[in-house]
Amino acid sequence: MKTLFGYPSIPSYQTGAVSSAKTAKSSGRTGAAAFQKPEVSSDKEAAAPSVHPALSHAKTTAGTGYTRDFLADRINKPAAPAVKAPKDTYMIYLQTDDMLYSGGNGSGLSYYIKYAPDSTEEDPTVIAKGVDENGAEFEQTIHINDINPEYATLVEMHALEAHLGVDKNGGLTSLPYGPSMGSMGLHDRENFINMFENTIHDMTILKQRQAVAYYEYSMQAYLDFMYRK
């Protein structure tokens, strides 16, 4: 940049602004009024072509990339009301040595099972603690001998499975997979023997012999329990 008497000279593109400011000062106008745009006459406004509302979004605010209508809408738009987020977190209980079972299903039902302090060989009793499908804490005392696999809750069947020591074949459960298994709530009941039979039927059609043999074994373990009572 060229200098004059040791001071930087004013670039040529700024001299116009300086001279305009001096002119404004001499005429008694200062501040924003000095640079106020001339008003458009009402005749010219009436003669201006109208713009269809749908095309008004084409007018963008310089340097932002957003339309004027868009920016105005975002500035004047009231804050949206808070919306409750869907349940996307679940309680998980890590299994310890004194637990018979720890798990749950896709409904949000999650729990662990332990033998009750007063459990006996004649009356095996367990306590199930956890949260239900709504996130509410629960505690249940379950007498194993009172469980009916043809009309049982998911918690009861997992208690029975753990007490009987049914082989899970390397999986998470010996119970059959049914359409309702993943959504059963704390108090929902199902006929698990029918679920076994339906699963065996489906695996037979698919020629899954190993699966058929495993579910036949598992079902028999629960049938034997029913017959012994």
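Arg-189 comes out partly exposed, at a relative accessible area of 34% (buried is under 20%, exposed over 50%, partly exposed in between, with a 1.4 Å probe and protein chains only). Its partner in a salt bridge is Glu-156, at 3.0 Å from N to O (the term takes a side-chain nitrogen of Lys or Arg within 4 Å of a carboxyl oxygen of Asp or Glu). Glu-156 itself counts as buried, at 14% relative accessibility.

The model is predicted: local features need pLDDT of at least 70 and side-chain atom pairs pLDDT 80 or more, while totals for chains, interfaces and linings use all residues. Residues are numbered from 1 along each chain as its sequence is written, and side-chain values use heavy atoms, leaving out hydrogens and water.

The salt-bridge count is 3. Lys-114 pairs with Asp-98, with the closest N and O atoms 2.9 Å apart. Lys-114 sits in strand S4 and Asp-98 in the loop between helix H3 and strand S3, so parts 16 residues apart in sequence get tied together. Lys-129 and Glu-139 also meet in a salt bridge, at 3.8 Å, linking strands S5 and S6.

As for H4, 8 of its 11 residues are buried. In the loop between H4 and S8 lies Ser-174, which is buried at 0% relative accessibility.

Methods. Helices (H or I, at least four residues) and strands (E, at least two) are DSSP runs, numbered from the N terminus.
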